[in-house]
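Have a go at each one before you read its solution.

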Amino acid sequence: MSGVLATQAYMNYFNVHGRYRQGAITGSMAGGSFFGTLASSFIADRMSRKTSIQIAAVIWIIGSIFQTAANGVAMLVFGRAVAGIGAGVASAMVPVYQAEIAPKEIRGRVVALQQWAITWGILIQYFIQYGASFVDGGAHNPHQSTLAFRIPWGVQIFPAILLAVGMFFVPYSPRWLAGQDRWEESIRVLANLHGHGDIGHPKVLAQYREIEEAMTFEREAGGSAIKALTQPRMFSRVILTVSIQMWSQLCGVNVMMYYIVYMMQAAGVDDILLTASIQYILNVVFTLPAILFIDTWGRRPSLIYGALSMMTLLFAVAGLSAAYGIPNPRTDPSLDAVSWLIVGHPAVSRAIVACSYLFVCTFALTWGPTSWTYPSEIFPTGIRAKAVSLATASNWAWNCALAFAVPTLFETINWKMYIVFAVFNLAAFVHVWLTVRETKGKTLEEMEEVFESGEPAWRGVASGSRLDKLQRDIAEGRVKVTLRLRPRRYDHL
């Protein structure tokens, strides 16, 4: 969205000159995503994680068609809301699917790939918007064609088509299959994922036994998934993941991503769209180290140091803006969206831009991938989809609220807005320190031990996984595993 905000075609066609109208347009997608996430678990539990992602892609295509054909604000908002439903379903269920098929050693890396894919999508779409902004003489031409925004909105249809088709060629989640009593399919998927197709591989048998025991325990406990979510030991985890997704929005990344154009305008940057594009490149580049090392340095340190670093950078931007900024004299209509400007201090403008770049780098290294990884791995299979959908709904709810609020904050409290988000990061640091437990190296079935150990979050539990010991015992013949290869028939290994 940010790449078209500064074009005359967009501003004139949709008459976007008030902060509330732009907030409604931007927030409509997040609003649709909120409802999409809430519905996602019911689709995923009944029809599979795989099918829910395909449905999400189809919904996104429909929404994109409405956006591309928009003849006014109402149709644009409707199209973005419909597309948001698809984005909500996908954003909730993709991490769940990834977590359920990935080996424990690289689970964080696999789930973090979603965030890297998102950053690539943001970057590619931004440069498509940037290229389209040159239509009919460029973004400042008052008679610029609507192709400046219709081209990028139409292009986003094609990745969704690839996703919908591509999902036909990936397996169902083995844990979802087990939950449907499709045990033979489950063991064969596990074999293809972890044993090169060999169902007798010790790692496959160990993983199978872990899943079977966890499923048996869940079924003996009984009750509905909704009831299970409200039990104290699970409800505390729900609150934790909902909070992590909340902090991932309140950390200030929306200011740096959705409204980077406004920030650059306030800083007095000349080529706004080109300068803003650099941060999207940094977002892609610095997500890669997080993917490579999240399973090495862990989830907890990423969240703690990320919050502290982002807090520091936001305080720096607030201090520079307060010391060197002036109220907007309202002599340039193109700057009406901001009320505070940096004029005549090019070094300060460069420092603010540098802080925004460092902020994006920090988010990409820490909260960006970790906030999606953590919720997808700490719940039992029977309630995982619903729990993650609630956490993701929190993300989109705050995303929507901030989409409405940030334009108003830019106009009313200007530089003080950065202080507000800096304080949110301080609160996130305290909350993470007290409540987030380390999960790296543990299987999804071991999360009960992690969270019910009785130790404070900052102490954690012993490293290592019982799956490794079970795998060795199976390989050495000390443990036998019975596979349900056919209904009512068992093969003994």
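**Exercise 1.** At roughly what angle do the axes of helix 6 (residues 107-132) and helix 7 (residues 147-155) cross?

*Solution.* Ground rules before we start. This is a predicted model, where local features need pLDDT of at least 70 and side-chain atom pairs count only at pLDDT 80 or more, while totals for chains, interfaces and linings use all residues. Residues are numbered from 1 along each chain as its sequence is written, and side-chain values use heavy atoms, leaving out hydrogens and water.

Step 1: the two axes cross at roughly 155 degrees and come within 8 Å. Axes here are lines fitted to C-alpha atoms, for helices over the stretch in contact, with angles from 0 to 180 degrees between N-to-C directions. Helices are DSSP runs (H or I, at least four residues), numbered from the N terminus.

Step 2: that angle makes helix 6 roughly antiparallel to helix 7 (the label applies over 145 degrees).

Step 3: on the helix 6 side, the contact (heavy atoms within 4.5 Å) is made by Gln125, Ile128, Gln129 and Ala132. Helix 7 brings Leu147, Ala148, Ile151, Pro152, Trp153 and Val155.

**Exercise 2.** Now take helix 16 (residues 272-297) and helix 17 (residues 299-324), and work out how they pack.

*Solution.* Step 1: their axes are 7 Å apart, at an angle of about 110 degrees.

Step 1: that makes helix 16 roughly perpendicular to helix 17 (65 to 115 degrees).

Step 2: Ile294, Asp295 and Trp297 of helix 16 meet Arg299, Pro301 and Ser302 of helix 17.

**Exercise 3.** Which residues of helix 23 (residues 466-475) are buried, and where do they sit around the axis?

*Solution.* Step 1: the buried ones (under 20% relative accessible area, 1.4 Å probe, protein chains only) are Leu467, Leu470, Asp473 and Ile474.

Step 1: looking down the axis of helix 23, its buried residues fall within an arc of 120 degrees, so they line one face of the helix. The arc is taken over directions from the helix axis to the C-beta atoms.

Step 2: what they pack against is helix 11 (202-221).

Conventions
Helix = DSSP H or I, 4+ residues; strand = E, 2+ residues; numbered from the N terminus. Parallel < 35°, antiparallel > 145°, perpendicular 65-115°, else oblique. Buried < 20%, exposed > 50% of the residue type's maximum accessible area, 1.4 Å probe, protein only.
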